[in-house]
Amino acid sequence: MGTNPTDDRRTTTAPATDDRFAVPLRGVAVDAETRCAHWDSAVDVVALRFGCCAAYYPCDACHEAATDHEAEPWPRDRFDEPAVLCGACGATLTAREYLDGDGEAQRASSSEGQSPSGNRASPGDSRAKPDDSEAQRASGSRTQSSDDACPRCDAAFNPGCRAHRDRYFES
Ligand SMILES: [Zn+2]
Ligand SMILES: [Zn+2]
Ligand SMILES: [Zn+2]
């Protein structure tokens, strides 16, 4: 196992982009599946696109290191455009696809009788379980968290990313 692709770590700063990826991407010590110097567990295979420069970064610390401007979250009026990269299979997801996993359960349980239209109460925010992800990650189980997985290749995503969604997606 001498040639594990995840051992290939590259640091790319603006204006260069990492040519291993089909989308413009940069960051610090990025491996072939978009893990970075800051987020490096088995499930840290998501790169997020930023509104300020429309490039993808494994995390906001990578953005900070690779550019010299203030990070801006992906704007809500562009949620139907690709804004999330799965480092495992290279697929891009729209912000809506990525974030929808979060809303699905919510919607299913509260669909009846609610007056739905136009109400933007940001439902995901009520659940605060900060440290569960750690345990979940350790156990390697993703049975109840299919939400936090790539819809294309089923790679597990770090559920913690969504806890920081306000950094990455305009709310
Ligand atoms: Zn930027
Ligand atoms: Zn990073
Ligand atoms: Zn994938």
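Q: First off, how far is the model trusted, going by mean pLDDT?
A: It's a predicted model, and the mean pLDDT of the protein is 81, with 69% of its residues at 70 or more. Over residues 103-116 the pLDDT is below 50, and that stretch has four contacts in the model beyond near neighbours in sequence. Residues 133-146 also stay under 50, with eleven contacts beyond four places in sequence.

Q: OK. How many helices and strands are in the protein?
A: There are five helices and six strands. Starting at the N terminus, the order is β-β-β-β-α-β-β-α-α-α-α.

Q: And which strands make up the open sheet?
A: Four strands, lined up as β4-β3-β5-β6 with antiparallel pairing. β4 and β6 (92-94) sit at the edges with a single partner strand each, so one side of each has no neighbour in the sheet.

Q: Let's zoom in on β3. Which way do its residues point?
A: Strand β3 covers residues 46-49: Val46 and Leu48 point one way, Ala47 and Arg49 the other way, and all are buried.

Q: How many bridges pair β3 with β5?
A: Three, in the antiparallel sense, with β5 being residues 82-86. One link to look for is Val46, whose bridge partner in β5 is Cys86.

Q: What about β3 and β4, how many bridges there?
A: Two bridges join β3 to β4 (residues 56-57), and the strands run antiparallel. Leu48 has Tyr57 as its bridge partner in β4. β3 and β4 form a hairpin with six residues between them, and Ala54 in the turn has a positive phi of about 60°.

Q: Back to Leu48: what is it in contact with, apart from its neighbours within four places in sequence?
A: Leu48 is in contact with Tyr56, Tyr57, Ala83, Val84 and Tyr168.

Q: Changing topic: which residues have the most contacts inside the largest nonpolar core?
A: That core has 33 residues, and the ones with the most contacts inside it are Val46, Leu48, Tyr57, Val84, Cys86 and Phe157. The elements giving two or more residues to this core are β2 (27-30), β3, β4, α1, β5 and α2 (95-109). The largest share, four residues, comes from β5.

Q: How much of the whole protein is buried?
A: Buried residues make up 31% of the 171 residues.

Q: One more spot: where is Glu81?
A: Glu81 is in the loop between α1 (60-66) and β5. The C-alpha atoms of Glu81 and Thr94 are separated by 5.0 Å, and the two residues are 13 apart along the chain.

Q: Why does Glu81 count as partly exposed?
A: Because Glu81 has 14 other C-beta atoms within 10 Å. A residue needs 20 or more to be buried and 12 or fewer to be exposed, so Glu81 falls in between.

Q: Last one: what share of the contacts with a separation of 6 or more comes from residues 24 or more positions apart?
A: In this protein, such residues account for 52% of those contacts.

Note on methods:
Residues numbered from 1 in each chain as written. Chains lettered and ligands numbered in written order. Predicted model: local features only at pLDDT ≥ 70, side-chain atom pairs only at ≥ 80, totals over all residues. pLDDT = per-residue confidence, 0-100. Contact = placed C-beta atoms within 7 Å. Pairing = 2+ DSSP bridges. Core = buried A, V, L, I, M, F, W, Y, C linked by C-beta atoms within 7 Å.
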